[in-house]
Amino acid sequence: CTYCIIPYVRGPLKSKSIDEITAEVEKLSRQGYKEIVVTGIHLSSYGVDGKKSGAFLEKEGKPLLEALEAINSVTGIERIRLGSLEPRIITDEFAKRLSEISSICPHFHLSLQSGSDSVLKRMNRHYTSEQYLEGVKILEKYFENPAITTDIIVGFPGETEEDFEQLKEFVEKMQFDRLGVFTYSREEDTPAAEMVEQIEEEIKASRRDEIMQIQQDIAFDKSNSRVGEIYE
């Protein structure tokens with residue numbers, strides 16, 4: 001992404017083998033742990049080390065699915081959670097196979113960053129808001145009431161009032177279960193830091209507060225609708 005320094009400092013992708021993962025989970029299970037969170041810097045690219053960016057699309061997340069299936073087979077593990085996923089990994093094949101893993105918690109953190117396609121393009125995010133929505137619809141096809149959470153960056157260079165309105169409308173449409181809102185900050189040696197039309201801090205803060213208020217209202221309504229229900 002044009003705003004992020006991580007790809008330049010992390011080195012090439014490196015995945016633990018499924019045997020290593022299984023051994024680690026078995027050890028944790030023996031110690032009494034029942035819930036495993038599978039995470040990484042770029043979790044969607046698990047198992048495609050050394051391949052070009054986006055190679056996980058060709059495999060439709062199969063290496064990640066194989067790792068999750070291996071974890072699910074470990075005695076004593078009752079819950080498996082996923083860290084942040086790249087929206088493009090959500091295909092019918094991926095979601096269907098994922099839904100067949102008995103311990104998977106139906107909570108999906110899908111990175112969004114903006115609801116404006118022009119901002120997404122400047123961020124070098126390889127999806128549109130419509131493609132993001134389609135991914136969520138696929139998850140809803142295979143999971144009953146999945147929890148969808150995400151992160152938003154407001155005040156990205158060149159973000160217009162129209163862009164921000166599109167973001168607000170998208171947040172209202174998506175009705176996220178949880179939303180992290182961050183103001184854009186210039187990261188030295190990233191393309192975005194050199195972009196013209198940097199947004200004033202006061203505007204960033206105002207936009208952040210506005211999105212947070214919208215989400216707080218959504219979260220209140222969602223919680224209120226569940227009063228009287230019993231959950232594990």
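Tutor: Let's start with a term: a residue is buried when its relative accessible area is under 20%, and exposed when that area is over 50%. Keep in mind that this is a predicted model.

Student: Thanks! What percentage of the 232 residues in the protein chain do buried residues make up?

Tutor: Here the cut-off of under 20% relative accessible area decides who counts as buried. Taken over the 232 residues of the protein chain, the buried share comes to 43%.

Student: How many helices and strands does the protein chain have, and what is its radius of gyration?

Tutor: Its secondary structure amounts to 9 helices and 6 strands. For 232 residues the globule rule gives 17 Å, and the chain's own value is close to that, so the chain is as compact as a globular protein of that length. Along the principal axes, the C-alpha atoms fill a box of roughly 55 × 50 × 30 Å. The radius of gyration itself is 19 Å.

Student: Is Arg178 buried or exposed?

Tutor: Arg178 sits in strand E6. Its relative accessible area is 64%, and the cut-off to pass is over 50%. Arg178 is therefore exposed.

Student: What distance separates the C-alpha atoms of Arg178 and Gln215?

Tutor: Along the chain, Arg178 and Gln215 are 37 residues apart.

Student: Which residues gather with Asp189 in a patch of negative charge on the surface?

Tutor: Asp189 belongs to the loop between strand E6 (178–183) and helix H9 (201–224). With a relative accessible area of 61%, Asp189 is exposed. Gathered with Asp189 in the negative surface patch are Glu187, Glu188 and Glu194.

Key:
Residues are numbered from 1 along each chain as its sequence is written. This is a predicted model: local features need pLDDT of at least 70, side-chain atom pairs count only at pLDDT 80 or more; totals for chains, interfaces and linings use all residues. Side-chain values use heavy atoms; hydrogens and water are left out. Patches are made of residues with over 30% relative accessible area and no salt bridge: like charges are joined within 9 Å, nonpolar side chains (Val, Leu, Ile, Met, Phe, Trp, Tyr) within 5 Å. Accessible areas come from the Shrake-Rupley method with a 1.4 Å probe; for residues, only the protein chains shown count as cover. A salt bridge is a side-chain nitrogen of Lys or Arg within 4 Å of a carboxyl oxygen of Asp or Glu. Lys and Arg count as positive and Asp and Glu as negative; His and the chain ends are not counted. The place of a charge is taken as NZ of Lys, CZ of Arg, CG of Asp or CD of Glu. Helices (H or I, at least four residues) and strands (E, at least two) are DSSP runs, numbered from the N terminus. Buried means under 20% relative accessible area, exposed over 50%, partly exposed in between (1.4 Å probe, protein chains only). The radius of gyration is taken over C-alpha atoms; the globule rule is 2.2 Å times the number of residues to the power 0.38.
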